[in-house]
Amino acid sequence: MKVNIEIECTPIEARQFFGLPNVEPMQAAVMQQLEKRMLAEIERFSPEALMKNWLAVGPQSVEQMQEFFRGLFSPPGATRD
(Lines give C-alpha, C1' and ligand atoms only; values in the text may rest on other atoms or scores of the structure.)
Protein backbone atom coordinates (compact mmCIF):
# COMPACT_ATOMS: atom_id res chain seq x y z
CA MET A 1 0.00 0.00 0.00
CA LYS A 2 1.29 3.44 -0.92
CA VAL A 3 -0.02 6.70 0.49
CA ASN A 4 0.95 10.15 -0.77
CA ILE A 5 0.17 13.27 1.20
CA GLU A 6 0.74 16.68 -0.35
CA ILE A 7 0.83 19.76 1.83
CA GLU A 8 1.06 23.21 0.37
CA CYS A 9 2.57 25.77 2.69
CA THR A 10 5.18 28.49 2.72
CA PRO A 11 8.59 27.96 4.30
CA ILE A 12 7.55 30.19 7.19
CA GLU A 13 4.44 28.10 7.82
CA ALA A 14 6.48 24.86 7.70
CA ARG A 15 9.02 26.25 10.20
CA GLN A 16 6.24 27.30 12.55
CA PHE A 17 4.51 23.93 12.24
CA PHE A 18 7.68 22.01 13.11
CA GLY A 19 8.62 24.47 15.87
CA LEU A 20 11.83 25.65 14.21
CA PRO A 21 13.15 29.14 15.00
CA ASN A 22 12.75 32.02 12.59
CA VAL A 23 16.28 32.70 11.33
CA GLU A 24 15.40 35.43 8.83
CA PRO A 25 16.58 38.33 11.06
CA MET A 26 19.90 36.56 11.66
CA GLN A 27 20.33 35.85 7.94
CA ALA A 28 19.61 39.50 7.11
CA ALA A 29 22.20 40.69 9.65
CA VAL A 30 24.84 38.27 8.36
CA MET A 31 24.19 39.28 4.75
CA GLN A 32 24.46 42.97 5.70
CA GLN A 33 27.84 42.39 7.39
CA LEU A 34 29.05 40.33 4.43
CA GLU A 35 28.06 43.07 2.02
CA LYS A 36 29.91 45.69 4.09
CA ARG A 37 33.08 43.58 4.13
CA MET A 38 32.92 42.85 0.43
CA LEU A 39 32.46 46.52 -0.46
CA ALA A 40 35.34 47.51 1.83
CA GLU A 41 37.67 44.90 0.32
CA ILE A 42 36.72 45.58 -3.30
CA GLU A 43 38.85 48.73 -3.25
CA ARG A 44 41.97 46.64 -2.64
CA PHE A 45 41.38 44.75 -5.86
CA SER A 46 40.74 47.68 -8.18
CA PRO A 47 43.18 47.88 -11.13
CA GLU A 48 44.69 51.12 -9.80
CA ALA A 49 45.35 49.64 -6.36
CA LEU A 50 46.87 46.48 -7.82
CA MET A 51 49.25 48.45 -10.05
CA LYS A 52 50.29 50.63 -7.10
CA ASN A 53 51.07 47.51 -5.05
CA TRP A 54 52.97 45.85 -7.89
CA LEU A 55 55.00 48.94 -8.74
CA ALA A 56 55.50 50.21 -5.19
CA VAL A 57 59.05 48.92 -4.78
CA GLY A 58 60.56 50.95 -7.60
CA PRO A 59 62.17 50.57 -11.02
CA GLN A 60 63.66 47.21 -10.14
CA SER A 61 60.21 45.64 -9.78
CA VAL A 62 59.18 47.11 -13.15
CA GLU A 63 62.13 45.39 -14.79
CA GLN A 64 61.29 42.12 -13.07
CA MET A 65 57.70 42.36 -14.23
CA GLN A 66 58.79 43.05 -17.81
CA GLU A 67 61.12 40.06 -17.70
CA PHE A 68 58.32 37.90 -16.34
CA PHE A 69 55.95 38.90 -19.15
CA ARG A 70 58.67 38.42 -21.78
CA GLY A 71 59.23 34.89 -20.51
CA LEU A 72 55.52 34.25 -20.34
CA PHE A 73 54.76 35.30 -23.91
CA SER A 74 57.95 34.32 -25.75
CA PRO A 75 57.97 30.96 -27.57
CA PRO A 76 59.93 28.12 -25.94
CA GLY A 77 63.60 28.07 -26.92
CA ALA A 78 63.62 31.70 -28.06
CA THR A 79 66.64 33.74 -26.99
CA ARG A 80 66.12 36.92 -25.05
CA ASP A 81 68.11 40.06 -25.69
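Author: Happy to! A residue is called buried under 20% relative accessible area, exposed over 50%, and partly exposed in between, using a 1.4 Å probe and protein chains only. Phe69 has 36% relative accessibility, so Phe69 counts as partly exposed. Please keep in mind that this is a predicted model, where local features need pLDDT of at least 70, side-chain atom pairs count only at pLDDT 80 or more, and totals for chains, interfaces and linings use all residues. Residues are numbered from 1 along each chain as its sequence is written, and side-chain values use heavy atoms, with hydrogens and water left out.

Now to the rings. Rings of Phe, Tyr and Trp (its six-membered ring) pair if their centres lie within 6.5 Å; planes under 30 degrees apart are stacked, over 60 edge-to-face, and the rest tilted. The structure has 3 aromatic pairs. In one of them, the ring centres of Phe17 and Phe18 are 5.2 Å apart and the planes meet at 80°, so this pair is edge-to-face. Both Phe17 and Phe18 are exposed. The rings of Phe68 and Phe69 are also edge-to-face, because their centres are 5.3 Å apart and their planes stand at 65°.

Finally, a look at Arg15. Its side chain makes a polar contact (a pair of N or O atoms within 3.5 Å; within protein, one must be able to donate a hydrogen and the other to accept it, and residues adjacent in sequence count only if both atoms are side-chain atoms) with the side chain of Glu24, at 3.2 Å.
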